[in-house]
Amino acid sequence: MPPVASRFRDPSTIFFQNDSVRRCIIASYWIIIVLAIPLWWKTTSIERLGLPTSQVYAEAEKKLRIPLSICLDEIFIDEVAKVMTGFQDTAEYLDVKVTAGWECNQSNSSSDYTVAWEDKLEIQDRTLYHPLSGSLTNTLKSLLAPQIDPRAAQYAPRYRLSFTLLNEDGSAGQVVNGWDIQEAIQRHVSPITSALSMLHNFTIESQVQFHAPLAFEPQSLSEGAYGLTPEDLTVFVNSAEWTLSSSSSNDPVLHFVLFVPSAERRPLRILNEDGTPSTSSAFLIPQWGGIVILNLPSPSSSQDESPSPSERVRLTADDLRQSFGAFSRQMTTLLGVPKLPPAISVSSSSPSSSSSFSTPFTHWQIDTLLRLRTHENIRRSQDTLRSTVKVVDEIEGMPVGEEVQNQVRGSLGALKHVLEILSDDGNTQLTATPNTPTSQYLSSLLAYSARALTLSSKAFFNPGMLAMLYFPAEHKYAVYTPLFASAMIPLVVAAMREVKAWMKERKEKRAALGGGGGEVRDGPPEQRED
Amino acid sequence: MRFLPLLFPLALFSYTLASQQHTNNWAVLVCSSRYWFNYRHMANALGMYRTVKRLGIPDSNIILMLADDAACNDRNKFSGSVYANPGRHLDLYGDNIEVDYRGYEVTVENFLRLLTGRLEDSVPRSKRLLTDSNSNIFIYLTGHGGNEFLKFQDNEEVSAHDIADAFHQMYQGGRYKEIFFMVDTCQANSMYSKFYSPNILATGSSVVGENSYSHENDYDIGVAVIDSYTHYILEYMEKVNKTSRLTMADLFTSYDVPKIGSHPGVRSDLFSRPLGPQHPMASYGRGHGWKVEGEWTGREQEPYKRDREALITDFFGGVVSVDVEGECESDDFSYRPASEEISKPSPPSFNPSLSSHPKSSSRSYFDSFPFLRASLAFFLLGLLFAFAFGGRISRR
């Protein structure tokens, strides 16, 4: 050894250069790395629980068939086949069974609807009186299988109804500062909400606003009136400045706006397309709500005293009668209640519809709406479920948590339940409990279909299902290489050296055992030339 | 393309459905940049906001994502205002700006959640895209981007794959009827190249490998105030009013490459309706200034489309129809807007002052970042370290 080296300590005397200590240090690094791999794998992998894909596809294929039985009077016996085919063509989701005369009683099942012969067109409860003239098939079809109104809002189990009284300018002229909203709702809205209570759960809110400017200038007409052209109506709602509903929940809202034009813009009229004033003061925005324009009668006294201070008006329930009549009609349309064919009159003799206030709709309308909504819900939840599994299949980085899994299963369960009720012959269901009214049977169907819909859309829109952002492969290298390459290389090299040294040592030891053991013990084992 | 066989039946299916009108319009306007020197991107988004609002989309149906640090920036000499032209004729920040996602809320995650509807229950209605299968959506993106990505606030990126997947989920979830996607960024046309869901019409400001340029500077404000592509779009949109019958073909054929400075692209192969009269669109991309013909994807399908023409107002409109109700139920009638063309130019406009200011490039400095080279460099560095010190550490 050169003399210079004597200044340094002999490496074999440093404690951490001791073979076993050094090997322990290197091994501990490796142990930590090996132990960390599962942790790394778990934290970087995406949780993708399995969805019942095949079941979803199977359920989504199934067709909904809601049973419906009609009993015709003997006199209509020739019409049976015609009615049957008529329904098959228009409404596939209905399983219509038509019987006539004595067959009705023979089949031993109470029919949902009966058709009797009378010289007038009238309905009473679930009985239709039909004259011999006129097409019975068309009447029944328009009663039981109408198309859903495109203006109606999509089905939701909960709705908020927001009633707003807007003063265009509350600073001058007559100002409405109050309205008997409770009374008006009691009279005009409650009958509808209670009649539809098996379909929806309603929350009602109301407000009065004193400054609600329009976003455009209404057209000035002769004799001091102002007009709203059809184009104006489409931009009438000034959503930037009018706050029409509270944002307390995410339920869909139906808006009803009573607009009081400012004093200098009265009367404000809706114009027809040819520019002549329309007799109507109400219009409906599909799926959004309804608007009624209320022109206050100009008080004769304020004509001469021009700088009249703002006069306060309170609208009584009687003042609101016309406006709320329009609101209730708009609400009926928006909620998709089918209209009765105009020729049909409703008999008021039946006990359930004794006063027109208690039930504004006939059983035919409610039943039909229940069927339409059930059909819509089933179709939508089938679609949503199918889309959910499809999207999860197609997008590989999309996490699927337990919540989604449960929601899909729950929805599937509800869907199966509906289809089961229907598939094991609706009639036996009805005959088994002859006292179960049709509406109750239908509303239980709707309840399950609504559950299926809610759960399926919750699953599809689950916030946890946000797909991982897309990373190209080079991004991954760019993230991992700088981090690990510099750390791994010394470790790998050190491990390789150690393994090599250990193997060499073993070989020497073996050789020494063969020759003579004393030699090895003398020299320090690390004395090798590098 | 593994989705092509899947698309064909879908396209056929949509041909039969599309004739039904949409019932509502929505707009999602995203400015993905922040900081003062990106003033022009905020002006882009606000200009678009003003236009969609003017054409009748109510504020409740506009989702505006904006860093919003320009109007009240300390460096803004005209505090509280954002202008899109050097003359400062029109304050885009004037009144009634409703920014739904502001500042640090403008993230890739929020954008994708907004589109797909996967939001927490606590998110208010104003931050939700409450569309249904009858909604037409206009989506406008602006910011710094590159090949197949768009940078969000110098912090993260959304890739073309992410947006394509989000659109697909929207399609599966019945969240749109048609989408009009417009993007103004460098290499913008790559952003729509990955789409695979039907009924999407897309347009972008520049082809792959090409920058998108800013239009002009205002020397009092001190920065570029608007991007060129958006400027000419907005200028064209001033010709459109609520009852206009101008078609998408009219908009696209108004692209002028020498003026814009980049080659805008159109993608219509996923869109089922014809863009407009065949004669102006037939020569799209073939005139003066167009280098290549590849800037219109879907040119071949165009003559075979049979449906209503795609109007500009289909995507920039308000409530499509209202029903005036009579006093008695029977005499209500349904209304469709009148269909004659009135194209009166409205007074405040994005007037082109057409001065030839030096064009400042808005090329992103992360543009096609050489990740592989970077990682290789790190790898070699690591190796070097290993050999230099590894032996000493382990042995002597």
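Guide: Two strands count as paired if DSSP finds at least two bridges between them. The model is predicted: local features need pLDDT of at least 70, side-chain atom pairs pLDDT 80 or more, while totals for chains, interfaces and linings use all residues. Residues are numbered from 1 along each chain as written, chains are lettered from A and ligands numbered from 1 in order of writing, and side-chain values use heavy atoms, without hydrogens and water.

Visitor: What makes β8 and β9 of chain B a pair?

Guide: The strands (DSSP E runs of at least two residues, numbered from the N terminus) share five bridges in the parallel sense; at least two are required, so they pair. One bridge joins Phe181(B) to Ala202(B).

Visitor: Why are β3 and β13 of chain B called edge strands?

Guide: The open, mixed sheet of eight strands runs β3-β2-β1-β4-β8-β9-β12-β13 in chain B. Its edge strands, β3 and β13, each pair on one side only.

Visitor: Why is His144(B) called buried?

Guide: Buried means under 20% relative accessible area, exposed over 50%, partly exposed in between (1.4 Å probe, protein chains only). His144(B) has 11%, so it is buried. Cys186(B) has 1%, so Cys186(B) is buried.

Visitor: How do you know that His144(B) and Cys186(B) belong to an "active site"?

Guide: UniProt lists both in an unreviewed entry; its positions follow the numbering used here, feature names are shortened, and annotations may be inferred rather than shown by experiment. Spread over 43 residues of sequence, they cluster in space, with a largest C-alpha distance of 6.6 Å.

How values were computed. Helices (H or I, at least four residues) and strands (E, at least two) are DSSP runs, numbered from the N terminus.
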